[in-house]
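Biologist: I am new to this structure. Please take me through one part of it closely, and then show me how other parts are put together.

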Amino acid sequence: MKRVIIGLSGGVDSSVAAYLLQQQGYEVIGLFMKNWHDDSVTISNECPWLDDSNDAMLVAEKLGIPFQTVDLSEQYKERIVDYMFHEYEKGRTPNPDVLCNREIKFDVFMKIALELGADYVATGHYCRKGTIQKEGKEIYQLLAGIDDNKDQSYFLCQLSQDQLAKSLFPIGELTKPEVRELATKLDLVTAEKKDSQGLCFIGKVKLPDFLQQQLKPKEGVIVEIPKEQEVFSHVETTFNSEEEKLKYLSRKIDYRVDYGKIVGKHQGAHYFTKGQRKGLAVGGTLEPLFVIDTDVDENVIYTGQGKEHPGLFKKALFVTNDEIHWIREDLKLDLDGIMEVMARIRYRQSLQKAILHKVESGLYVEFEAFQSAITEGQFVAWYLGEELVGSGVIS
């Protein structure tokens, strides 16, 4: 009998996943990961991880499976929290959920599970795993979940073949409503529980408060750049090479304070991210202001009016060589290789037509349509059909 250790988070998805594994004849053990216990930054006096671990325990009892809690807060602080602060300081916007899967659930947690004699690790993610044979060797695929509204393959875009080999995603074939229905039938305590928001596993933490602890406030100016600013006028240029064109399309505009007017003050450019609308506290504009760029060195936030502002849009992005990750290593592009894909630059975004171009210094992703708020530090993931084949950090 194969042994599966499932990360029971105290939510409905992992609860139902545990039940399905039981039905499939696995020996199932539930493990709750405690990743955070600094109560000074949770929003309210409720203690989310305690409630969650309690719910996870009740589910395990109900299903009659062994249960234990592992404390991974040290690794979590080192690999996720410190990394996030470091990225924010550089003016980039990291994605903690993608990192949490790569570094914690499918690495630290997986190692613990394998030490406990597990054959597989399972999670309640809405995605599926496929297996194909190629040149006599098994290759694992990461496939989108059946439920279009809930497909979570994007969050797993940094997994490797080794990690996928040992992973199971029992609810990938179900929709969210079906999962809830099953939980209700089984009378699981988590059946009606709302989906968790907030940082992966930390619970209800306000990101700005969290950042403020480490990154000291520092007053700076908010500048509004008019749509008509000439940095946005597209000069018809002829490019000597495809790469030169891609470099131009993915370039970062160098804004200067005198390109616009000062409309307010802020407490630190590193608290803000491209495309952000809330928290600027500047009134009196016809359309709401959006952050179009931040300059952490000069501590300036550049904004523009309306979500159609040209400063928000770009057609291409770049990923450096050391940030390119292929789940399907067999499909890796060689120098000058191109690939037509569907791609997304954030979790809920619908897939966009794009072309990958491999150049010496990295990889360009060129979109057919303009993309809003391409943000450095976030992940771009590319798909062939319903299979996520690779990803990278936007540079």
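Modeller: Start at Gly-220, which stands opposite His-266 in β9. Keep in mind that this is a predicted model. The strand to look at is β8, residues 220–224. Strand β8 is mostly covered, with four of its five residues buried.

Now look at the partners of β8. One is strand β9, residues 261–266. The pairing of β8 with β9 is antiparallel and runs over five bridges. Another partner is strand β11, residues 300–305. Here the two strands run parallel, joined by four bridges. Val-221 has Val-300 as its bridge partner in β11. In general, strands of a sheet pair through backbone hydrogen bonds, in either a parallel or an antiparallel way.

Next, compare an open sheet. Five strands form it, in the order β3-β2-β1-β4-β7, and the pairing is parallel. Its edge strands are β3 (67–71) and β7 (167–168), each of which pairs on one side only. Strand β4, residues 120–122, pairs with β7 in the parallel sense over two bridges. Within that pair, Ala-122 stands opposite Leu-168 of β7.

Helix α2 (residues 48–63) touches β2 (27–34) and β3. The direction of α2 makes about 170 degrees with that of β2. Helix α4 (residues 96–115) packs on the sheet too, touching β1 (3–7), β2, β3, β4 and β7. The direction of α4 makes about 125 degrees with that of β2.

Now turn to a pair of helices. The axes of α1 (residues 12–23) and α6 (residues 176–185) come within 9 Å and cross at roughly 70 degrees. The two helices are therefore roughly perpendicular to each other. Their crossing is left-handed. On the α1 side, the contact is made by Val-12, Asp-13, Val-16, Tyr-19 and Leu-20. On the α6 side, Lys-176, Val-179, Arg-180, Leu-182 and Ala-183 take part. Seven residues of this contact are nonpolar, three are charged and none is polar.

Finish in a loop. Thr-375 lies between β16 (362–372) and β17 (379–384). Is Thr-375 buried or exposed? Its relative accessibility is 11%, so Thr-375 counts as buried. Leaving aside neighbours within four places in sequence, Thr-375 is in contact with Thr-93, Thr-273, Lys-274 and Ile-394. Asp-258 is another matter: Thr-375 and Asp-258 are 117 residues apart in sequence and 24 Å apart in space, C-alpha to C-alpha.

Terms used. Residues numbered from 1 in each chain as written. Predicted model: local features only at pLDDT ≥ 70, side-chain atom pairs only at ≥ 80, totals over all residues. Heavy atoms only, no water. Axes fitted to C-alpha atoms, helices over the stretch in contact; angles between N-to-C directions. Parallel < 35°, antiparallel > 145°, perpendicular 65-115°, else oblique. Left-handed = near helix turned anticlockwise from the far one by under 90°. Contact = heavy atoms within 4.5 Å. Nonpolar A, V, L, I, M, F, W, Y, C, P; charged D, E, K, R; others polar. Pairing = 2+ DSSP bridges. Buried < 20%, exposed > 50% of the residue type's maximum accessible area, 1.4 Å probe, protein only.
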